[in-house]
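Q: Could you take a close look at one part of this model for me? I'd like to follow it piece by piece.

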Amino acid sequence: GSEMCIRDRPAGMDDGGKIRLAGQGNPGSAGPGDLIVTVRVSAHPWFRKEGSNLFVDVPITPLEAVLGAKVDVPTLTDGTIVMTIPSGTNSGAKLRLRGKGSVDRKTKQQGDQLVVIKIVSPKEIPEDQMALYEQLRELDTSNLRDELWQ
């Protein structure tokens with residue numbers, strides 16, 4: 001079939017959903033028929049959808065994870081917002097932004113956006129910062145794996 005781009009689809013319409021356009025189809029003996037459009041939703045470069053919830057991965061540095069930080073986070077509803085990452089946040093943590101997801105077609109309720117934290121180590125660390133990390137290593141007596149394989 002042919003393709004066309006419809007940017008304004010009904011809220012909450014998922015891939016494979018159908019839209020009926022009454023009287024827009026081929027002419028028949030009783031007049032023009034209906035046109036049935038099957039919606040194909042392209043993947044977004046940042047967001048993925050699960051139900052009415054949106055997920056976005058947000059990379060933070062180990063330092064931001066330990067100390068906490070304020071980071072820019074994209075949303076579909078409000079552009080970029082500043083979100084507080086609590087100190088001690090682990091990789092994989094999901095932080096919820098209520099009402100920033102997509103609309104559920106049946107309930108008409110707005111879903112949430114979940115910010116999935118990904119701790120990413122910098123590829124290059126300046127020498128002065130590396131020296132500070134070395135000092136931290138000397139002070140750190142914890143071992144997260146001590147109890148795991150005992």
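A: Two strands count as paired if DSSP finds at least two bridges between them, and the strands themselves are DSSP runs (E, at least two residues; helices are H or I, at least four), numbered from the N terminus. This is a predicted model, in which local features need pLDDT of at least 70 and side-chain atom pairs count only at pLDDT 80 or more, while totals for chains, interfaces and linings use all residues. Residues are numbered from 1 along each chain as its sequence is written, and side-chain values use heavy atoms, leaving out hydrogens and water.

Let's settle on strand β10, residues 113–119. Two strands pair with β10. Strand β6 (residues 53–60) runs parallel to β10, joined by seven bridges; here Phe 55 has Leu 114 of β10 as its bridge partner.

For contrast, step over to helix α2, where Met 130 lies. Met 130 has 37% relative accessibility, so this residue counts as partly exposed.

Note on methods. Buried means under 20% relative accessible area, exposed over 50%, partly exposed in between (1.4 Å probe, protein chains only).
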